[in-house]
Amino acid sequence: TYSFDEAADFILTNFRKFSPKMADFAKKAFENSWIEAEDRPGKRPGGYCTSLPETKESRIFMTYSNSVNEVATLAHELGHAFHSSVLWELPELNRNYAMNVAETASTFAELIVADATLKEATTKEEKINLLDAKMQNAIAMFMNIHARFIFENSFYQARQEGLVSPAQITEMMTAAQKESYADGLSSYHPHFWAAKLHFFIDDVPFYNFPYTFGYLFSMGIYAFANQKGASFEEEYIALLQDTASMTTEELAQKHLGVDLTKPDFWQAGIDMVLQDIDTFMELTEEYV
Ligand SMILES: [Zn+2]
C-alpha cells in the first residue's frame, strides 16, 4: 500500500527518470490541489481528468484508497493532464486529438509507475502481487476490451437488419466474452452491455479499441524511451504535440520511426506482456 503522499513522491521520482518536465508538471498539479482524490462513502472508484485550456490547468477526480492500482490510476490521469498541457500553446484545432491517441500519454505514465513498483519489490510475494496487478491490465486490454469490440461489431451488424431485442443483445454479449476470453472463464457477464457506461456514449461508437491501441502504442513509446535515454523527453513532447495534427501512422513514422501498418510493432508490445507472464509462472511455480 502507498499513502497518497507516498504515491505522489513515487510518481514524481519515476516520472523524472523519463522526463523532468513531466515530473515538474505533476508536482504543480499536486501543489495546486488540481487533484480531488479523497476516499469517502458513496464515491465510486475510478479516475477522470479534464483540461481547462482557458486557464491552462487540469483537474483530476478520483478515489484514492492506498492500493498500488490507484498509484497507477493517479499516474494515468496525470498522463492525460500532461498531454493536454503540451497542447495548450497550440491553436484550438491542433489540440483536439482523436480517440486512438487519447490513451497514449496516460497509459505511458501508468506503465512507468507499474514497472517502477515492480523493480522496487523486495520480496517474492510482493513481486507476484505487483506482477498480477500489472497483468490485470493486459487481461483488460486483450480480453475485456476485446470482448467489447466484438460485441459492438456484432451489434452494429445486427442493427442494420432492424431492431435488436434485449435477449439478442444479451446473447451477443456472452458470445463476445466467450470468444475473447477463449472460453477461459467459469462465468460471464451477460448484462455487461447494460452495466458499462461506454456502450451508451452514442456519439462515440467503439469507445473500446482506443484503450488497447493506446496500451500497445505506449508500450512502443516505453521501449523507445528506454533506448533513447536523455533525448527522449523532447521527442516525446514533440510526438504528443502532433497527436491532433496527423494520422497515427504518420505520427509513429515521424516520431518513433516505426510502421504501424506492419505487425512487428504490435507484436513487440505483446511480447513484453508475454515476458511478464513467464516471470509470473516461474515465481508462482511452488504455490501450484
Ligand atoms: Zn484514460
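Let's start with helix α3. It has 20 residues, and from first C-alpha to last it reaches 30 Å. That is close to the 28 Å expected at 1.5 Å a residue. Keep in mind that this is a predicted model.

How many residues of α3 are buried? The count is 17 of the 20, so the helix is largely enclosed by the rest of the structure.

Now the zinc ion. Three residues coordinate the zinc ion: H76 and H80, each through NE2, and E103 through OE. The distances run from 2.1 to 2.2 Å. Along the sequence, the donor spacing reads H-x3-H-x22-E. Where do H76 and E103 sit? H76 is in α3, residues 68-87, while E103 is in the loop between α4 (99-102) and α5 (104-120). So the pair ties together parts that are 27 residues apart in sequence. Buried or exposed, these two? Both H76 and E103 are buried.

Next, a helix pair. Take α6, residues 124-159, and α9, residues 209-228. Their axes come within 8 Å and cross at roughly 145 degrees. The crossing is left-handed. Which residues meet there? From α6 we have N137, A138, M141, F142, I145 and F149. From α9 we have F209, Y211, T212, Y215 and L216. Sort the contact by class and you get nine nonpolar residues, two polar and no charged ones.

Stay on α6 for a moment. N153 also lies in this helix. N153 is partly exposed, at a relative accessible area of 31%. Look across to M172. N153 and M172 are 19 residues apart in sequence, and their C-alpha atoms are 9.9 Å apart in space.

On to backbone angles. Most residues other than glycine have a negative phi. Here are two with a positive one. The phi of K56 is about 55 degrees, and K56 is not a glycine. Where is K56? Look in the loop between β2 (47-52) and β3 (57-62). K56 counts as partly exposed, with 35% relative accessibility. The second case is F206. Its phi is near 55 degrees, again positive in a residue other than glycine. F206 belongs to the loop between α8 (192-195) and α9. That brings us back to α9, the helix that α6 passes in a left-handed crossing.

Last stop: N66. You will find N66 in the loop between β3 and α3. N66 is partly exposed, at 34% relative accessibility. What does N66 touch, leaving aside neighbours within four places in sequence? N66 is in contact with T1, Y2, S3 and F4.

Then there is D5. D5 is in helix α1, residues 4-18. D5 is exposed, with a relative accessible area of 58%. In sequence, D5 and N66 are 61 residues apart. In space, C-alpha to C-alpha, they are 9.8 Å apart. Now set N66 against G269. Those two are 203 residues apart in sequence and 29 Å apart in space, again C-alpha to C-alpha.

To recap. Helix α3 has 17 of its 20 residues buried. The zinc ion is held by H76, H80 and E103 as donors. Helices α6 and α9 cross at roughly 145 degrees. And N66 is in contact with T1, Y2, S3 and F4. That's my tour.

Key
Residues are numbered from 1 along each chain as its sequence is written. This is a predicted model: local features need pLDDT of at least 70, side-chain atom pairs count only at pLDDT 80 or more; totals for chains, interfaces and linings use all residues. Side-chain values use heavy atoms; hydrogens and water are left out. Donors are N, O and S atoms within 2.8 Å of the metal (3.2 Å for Na, K and Ca); water is not among the atoms, so sites may look incomplete. Helices (H or I, at least four residues) and strands (E, at least two) are DSSP runs, numbered from the N terminus. Buried means under 20% relative accessible area, exposed over 50%, partly exposed in between (1.4 Å probe, protein chains only). Axes are lines fitted to C-alpha atoms, for helices over the stretch in contact, and angles run from 0 to 180 degrees between N-to-C directions. A crossing is left-handed if the near helix is turned anticlockwise from the far one by less than a right angle, and right-handed if clockwise. Contact means heavy atoms within 4.5 Å. Ala, Val, Leu, Ile, Met, Phe, Trp, Tyr, Cys and Pro count as nonpolar, Asp, Glu, Lys and Arg as charged, and the others, Gly among them, as polar. The expected span of a helix is 1.5 Å times one less than its number of residues.
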